[in-house]
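Take a walk through this fold, one region at a time. Keep the sequence and the coordinates side by side.

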Amino acid sequence: CLKEGLTVFRDQEFTSDVRSRGVKRVQDARRLRLAQFREDASPLRHPVRPRRYDEISNLYTATVYEKGAELIRMIETLVGRKAFDAGMADYLARYDGTAATIEDFLDCFATLDAAAFLPWYEEPGTPTVTVTESYADGVARLTLTQVPAEGAGAKPIPVRVALFGGTGAIDLAAAHVSGGSLNGDCVVLGAESVTIELSGLNEAPVASVLRAFSAPVLVDRPQDEARDIALLARENDPFSLWDAAQRLMLADLQARYGGAEPSVEALAAALGKAATDEALEPELRALLLQVPSRVSLVEALAKDVDADKADAAYRALAAALGTALAPQLAELHGAAQPAADDLSAEAAGRRALRNAALGLLTAGGTVDAALAQAENAANMTDRLAALGALAGAGAAESDAALKAFHDAFEAEPLVLDKYFMLEAMRGDGAPLARTRALMDHPRFSLANPNRARSLIGGFAQNMAAFHAADGSGYRFLAEVCRALDASNPQVAARLLTAFGDARRFDAGRRAGAKAALEEVAASAHSSDVADIVRRLLKGL
């Protein structure tokens with residue numbers, strides 16, 4: 001649990017140094033939210049260092065890897081970079097070549113309260129930071145309160161904050177802090193609330209909370225469209241910019257799920273301005289254009305979710321933004337392309353921005369650019385982006401485009417894996433029937449783990465298909481995993497984790513998921529599958 005977290009942290013730091021630190025932070029935060037936060041809130045949750053386990057193979061999880069890396073990053077934030085480097089040097093000098101424990105590791109950081117920090121490793125769940133704010137008579141107050149995860153206690157949480165006025169960031173040096181202290185832009189929460197008070201202001205400031213994603217926590221804060229639009233215009237922290245855009249779009253998705261048809265005028269204007277801001281890195285602008293995933297919407301809705309309505313809300317927002325931003329998106333996609341073999345960070349960012357623009361354009365109904373790119377792309381990144389845009393939008397032209405891709409690369413195993421995944425995740429037609437048919441493809445075999453993960457795992461990510469109201473998606477995955485259990489139980493167990501979200505859906509879907517899992521439990525051969533199914537059923 002120490003080794004894997006430290007390995008991921010090292011990899012993140014290397015990529016940050018050779019590519020973009022800000023963009024990498026957004027990517028890591030997005031991955032943690034989509035994978036580890038879901039795991040932490042599911043029947044499969046466990047601490048970074050479990051006290052016990054039934055099957056060790058089932059602990060190769062986002063909690064061990066990604067959350068483990070976040071804990072090490074928090075240590076760096078809490079003690080500072082200079083002390084962190086000294087502690088790492090001490091750790092390597094003392095324990096290289098030995099089996100070190102987490103206690104050994106924490107003991108190397110002289111200024112860290114190791115006893116207070118250790119529960120981060122021992123307790124499951126994701127803490128929440130609640131935010132309350134007020135402004136009156138020139139005085140602004142920002143109060144942050146920790147709400148521990150169920151069954152857990154308060155832990156040290158470093159929260160980076162900033163306040164912005166109309167002309168830029170406000171100096172916090174003169175702020176009065178109660179319940180804690182402010183070190184630069186960072187306040188550390190414990191059991192008590194911390195209030196930051198700043199007086200002598202002539203306008204209500206805009207507060208940015210959890211800058212740089214300084215801790216793996218949820219933030220509970222009332223939705224405020226004006227605040228998030230202001231943050232998009234004033235912030236310079238990449239994560240906070242992306243997070244503001246995500247909040248704006250998630251609020252729209254929730255409204256659409258509830259049956260409303262909100263105007264995207266203000267949202268599109270804010271996103272369009274940020275996406276065309278040349279002062280921002282191209283890859284960050286690409287991330288700003290990404291509509292929050294269907295998974296994010298389901299997590300926000302929390303319970304009794306209708307998968308079809310969630311899928312429809314996602315498609316409606318993507319189409320509305322694709323239409324409203326069509327001129328800007330067309331200009332971004334039409335920008336000069338980097339050389340096909342240019343692997344620099346700048347070139348990767350420019351490709352990402354062009355392809356993000358293409359995705360929304362296609363969702364808005366403009367398919368010509370995606371068709372041309374799918375046919376003429378000079379590299380696999382651009383080709384897959386175009387095919388993904390067509391398939392995700394449910395474009396009628398997907399059939400011919402995917403067939404051409406298949407025929408061109410059928411002899412390339414790794415590329416063919418991409419084809420199977422694209423087909424399984426398509427948003428049109430009958431995805432279950434298509435997936436079943438592809439299992440009869442001469443180059444498909446459940447004995448090939450990558451191929452199985454591509455097709456079956458891709459289907460499990462297709463929300464409307466996997467969480468079909470009639471339970472057909474659940475029964476299909478259960479059927480495949482029963483077949484896999486005897487030959488490759490670790491793949492079967494990993495595929496079954498897709499059922500972890502079933503608790504969020506309506507009663508009919510939960511019943512369908514439970515029935516399918518009970519069938520797997522009744523015939524489970526391996527401890528891998530039995531362990532996962534037992535925990536999933538307990539959560540339903």
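Which residues are buried in helix H16 (residues 368-376)? In this predicted model, they are Ala370, Gln373 and Ala374. Down the axis of H16, these buried residues fall within an arc of 100 degrees, so they line one face of the helix. The general rule behind such a pattern is simple: an α-helix has 3.6 residues a turn, so residues three or four places apart point the same way. On the other side of H16, Asp368, Glu375 and Asn376 are exposed. The cover over the buried residues of H16 includes helix H14 (326-333), helix H15 (345-363) and helix H17 (380-393).

The axes of helix H1 (residues 2-18) and helix H3 (residues 62-79) come within 7 Å. They cross at roughly 70 degrees. Angles of 65 to 115 degrees count as roughly perpendicular, and H1 and H3 are therefore roughly perpendicular to each other. From H1, the contact takes in Glu4, Gly5, Leu6, Val8, Phe9, Gln12 and Glu13. H3 meets them with Val64, Tyr65, Glu66, Gly68, Ala69, Ile72, Arg73 and Glu76. By class, that contact has seven nonpolar, three polar and five charged residues.

Next, the nonpolar cores. The largest one has 103 residues. Phe105, Leu106, Phe117, Leu144, Val159, Leu289 and Leu321 touch the most other members. Helix H9 (residues 238-257) gives the most to this core, with nine residues.

Finally, look at Phe105. Leaving out residues up to four places away in sequence, Phe105 touches Leu2, Ile72, Ile75, Met88 and Tyr91.

Technical notes
Residues are numbered from 1 along each chain as its sequence is written. This is a predicted model: local features need pLDDT of at least 70, side-chain atom pairs count only at pLDDT 80 or more; totals for chains, interfaces and linings use all residues. Side-chain values use heavy atoms; hydrogens and water are left out. Axes are lines fitted to C-alpha atoms, for helices over the stretch in contact, and angles run from 0 to 180 degrees between N-to-C directions. Helices (H or I, at least four residues) and strands (E, at least two) are DSSP runs, numbered from the N terminus. Angles under 35 degrees count as roughly parallel, over 145 as roughly antiparallel, 65 to 115 as roughly perpendicular and the rest as oblique. Contact means heavy atoms within 4.5 Å. Ala, Val, Leu, Ile, Met, Phe, Trp, Tyr, Cys and Pro count as nonpolar, Asp, Glu, Lys and Arg as charged, and the others, Gly among them, as polar. A nonpolar core is a set of buried Ala, Val, Leu, Ile, Met, Phe, Trp, Tyr and Cys residues joined through side-chain atoms within 4.5 Å. Buried means under 20% relative accessible area, exposed over 50%, partly exposed in between (1.4 Å probe, protein chains only). The arc is that of the directions from the helix axis to the C-beta atoms.
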